Amino acid sequence: MQPADGKQEEAAQEVTTGFRGWLNHRTGLDSVLRSALDEPIPGGARLAYVFGSGLLFIFLSQIITGVFLALYYVPSADHAHTTVAYITKSVTAGSFLRGLHSYGASAMIVVLLLHLSQTYLYGAYKGRRELLWFSGCVLFALVLGMAFTGYLLPWDQKAYFATAVGTNAASEIPLFGESVRSMMRGGTDMGTLTISRFFVAHVFLIPACIFALVASHLFLFRKVGAAGPFTEDPLEPKQEAELFYPRQILMDLSLTALLIVGLGCLAFFVPVQLGPPANPADAQFIPRPEWYYLPIFQWLKYWHGAASVIGVLVIPTILALGVIALPFLDRSVERRPWKRPIATGAYAFVMLALVGLGVRSKYLDQHDPEVAQQLAKQDAEEAEYMRKPFEPELSSASLAAANVALADPLAAKGKAIFESQSCNACHGDGGVGTAAGPALIGVGAKFSTAQITELLRHPTAKMKAGGMPTPELSPDEMKALVAYVASLK
Amino acid sequence: MKIGADDAGNTPRWKFSTAQPFDEQRRSFLGALLALGSLCVGALLAVPLIRFALFPLLRLTTELKASPIGSLSEFSSLNEPVERTIQIEQVDGWRKAVSEKAVYITKNGQGQLRVLSSICPHLGCTVPWVSAKQEFICPCHGAVYAPDGSRISGPCLRGMDTLETVEQNGQLLVRFQYFRQLVADKEVIG
């Protein structure tokens, strides 16, 4: 830096004048920005380090698209599917935003696996990074939880049945498995309470935990510092460091740009599908989970009866504990993958096993003619449903009014009188009430038919003040009208 | 405080290359460029979000479905107005309510079919046809209308409202609409 050049000197220092100076004085924004951007990266910027910020970007995108989807979504068994169909088929850019959210979930898993693989293979969990690794493990579990809970929310056939299987798997846990399943479902069966629970977990509980853990993950990362390349000492970095800004940030932004273009194209050109509404009575439907749950799905097929405890609980628990405890188990400062044959071998084994299980699951489905046929039929039904235009849900008010007319001929006649006498002008269609007149729903429970007849023949002073006229009706007509009014529920 | 130094301002833990690839001026310029670029991309990405959120407001409200009344031959020899109940669909976002409305099929002076809303343009009561008097008489405030719907007397400021009709394959269809009450000129609402 040239001391003679006043301009450059100022650029390096904090701005003290003008609006930015005032804002900086009040908030300390410049030093925050500076400490965020001036993170030292030993060994220099690399493309291998881009996945963490990629995850942060996808998470942000999921929050934004998720909040917007919630503008139309209703978490109840009655309306969930209709509202998702409305978003997908009617609302402008609805299919696109839902696609971004849905493909974003898959992208999250992919980038998360890449981030985990990089950290693991680079031995970046070493050197006082136990808590950093641990918070990452919890974040991994939370992201899988987001994928699991979000999958049910459209309440179409595949969402319903995949979640039925998913929650059933939990009941294989000995002793308290049944309770875990009931807790997730809000009862013994899947229903509207299941949607509420999954919605609350997906929208409030898990995101809150993710916020907290992302904050601690970043804090712990900055506290201990970037580990750098695998030739670097994890405790006392010796290689020349480069600042996060500008080169690393440019690399991170390239991944972000790639994600934007990739997800955007997918959401636009391969619109995400919605199947027919969940039909719990369908005994033919073959549930299959999303691709990232296929290995677990296939794994669970191999464990039956008493041995299922081992497959469902013991082995996954040992694996999870092994992963979490990794920084404690592997204490050496050696980070080069080829010098850590056990760690690298275990990684390769688990990854190959997962891929193998997933491929095996697909292979079995394709080579069982009955299953393949049913799965093809389900795909065809989904495509068929997508072709149909959006059909609004018939609101309960119009159904109730229609039902009354059908139930009792006298009340049906009364309904005609109610309308011809303009009662509905003030009391609303079906007696639902308007600004001009009170609702009549439930008056049958409060007054006897004799009392209602009396009120109609001789309205009270209060009724008259409200504009209630005295209808001129024959006794038979009055009887019908009263029967209709009393039937309003 | 020197870059890379810890909170207490101690010697930096990190060694830096003496030849930084970007000097301060280029860093600032790049920063401004990145900020501008991010802003543009952000604005572009906000377009579908805004369109999504504004969908209910920008949607055309003229998407009015015509409800069938009956075949044209039924009404060819009308002597006086007849009442028909039509079903109208009111769409409310992702749900719809089906309600029934009474309309009158009548003829104007030239003998052409016209469909009248039964809602009184005074205060919204349903106006019955009183065959004995050959008049429409509103039971609420006594507005009286001629068989073709034109105003005769009473507190109303205009005649009964005619509804837009469509003739299709020998069928008579009507687009039901609500009109502002208590005004002299017909004005669509909702």
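Trainee: How many residues of chain B are in contact with chain A?

Mentor: In this predicted model, 34 residues of chain B are in contact with 39 residues of chain A.

Trainee: Which elements of chain B supply at least two residues of the side that touches chain A?

Mentor: They are β1 (15-16), α1 (24-58) and β4 (95-107) of chain B. The most comes from α1(B), with 12 residues. Sorted by class, the side of chain B that touches chain A has 21 nonpolar, 7 polar and 6 charged residues.

Trainee: In what sense do β3 of chain A and β4(B) pair, parallel or antiparallel?

Mentor: The general idea comes before the case. Strands of a sheet pair through backbone hydrogen bonds, in either a parallel or an antiparallel way. Here, strand β3 (residues 393-394) of chain A pairs with β4(B) in the parallel sense, over 2 bridges. For A:Leu394, the bridge partner in β4(B) is B:Lys96.

Trainee: In what order do the 4 strands of the open sheet in chain B stand?

Mentor: The order is β6-β7-β8-β9 (chain B), and the pairing is antiparallel. At the edges are β6 (129-130) and β9 (151-153) of chain B; each has a single partner strand, so one side of each is left without a neighbour in the sheet. To look at one pairing, take strand β8 (residues 144-145) of chain B, which pairs with β9(B) in the antiparallel sense over 2 bridges. There, B:Tyr145 has B:Arg151 of β9(B) as its bridge partner.

Trainee: Turning to chain A, how many helices and strands are there?

Mentor: Chain A has 23 helices and 3 strands. Its radius of gyration is 32 Å, well over the 23 Å that the globule rule gives for 489 residues, so chain A is more spread out than a compact globule. Along the principal axes, the C-alpha atoms of chain A fill a box of roughly 100 × 70 × 45 Å.

Trainee: What share of the residues in chain A is buried?

Mentor: Buried residues are 32% of the 489 in chain A. As for contacts in chain A with a separation of 6 or more, 77% are between residues 24 or more positions apart.

Trainee: At what angle do α18 and α23 of chain A pack?

Mentor: Helix α18 (residues 409-420) and helix α23 (residues 475-487) of chain A pack at about 100°, and their axes are 7 Å apart. An angle of 65 to 115 degrees counts as roughly perpendicular, so α18(A) is roughly perpendicular to α23(A). Among the residues making the contact are A:Leu410, A:Ile417 and A:Phe418 of α18(A), and A:Leu481, A:Tyr484 and A:Val485 of α23(A). By class, this contact of α18(A) with α23(A) has 9 nonpolar, 2 polar and 3 charged residues.

Notes. Residues numbered from 1 in each chain as written. Chains lettered and ligands numbered in written order. Predicted model: local features only at pLDDT ≥ 70, side-chain atom pairs only at ≥ 80, totals over all residues. Contact = placed C-beta atoms within 7 Å. Nonpolar A, V, L, I, M, F, W, Y, C, P; charged D, E, K, R; others polar. Pairing = 2+ DSSP bridges. Rg over C-alpha atoms; globule rule 2.2 N^0.38 Å. Buried ≥ 20, exposed ≤ 12 C-beta atoms within 10 Å, placed from the backbone. Axes fitted to C-alpha atoms, helices over the stretch in contact; angles between N-to-C directions. Parallel < 35°, antiparallel > 145°, perpendicular 65-115°, else oblique.
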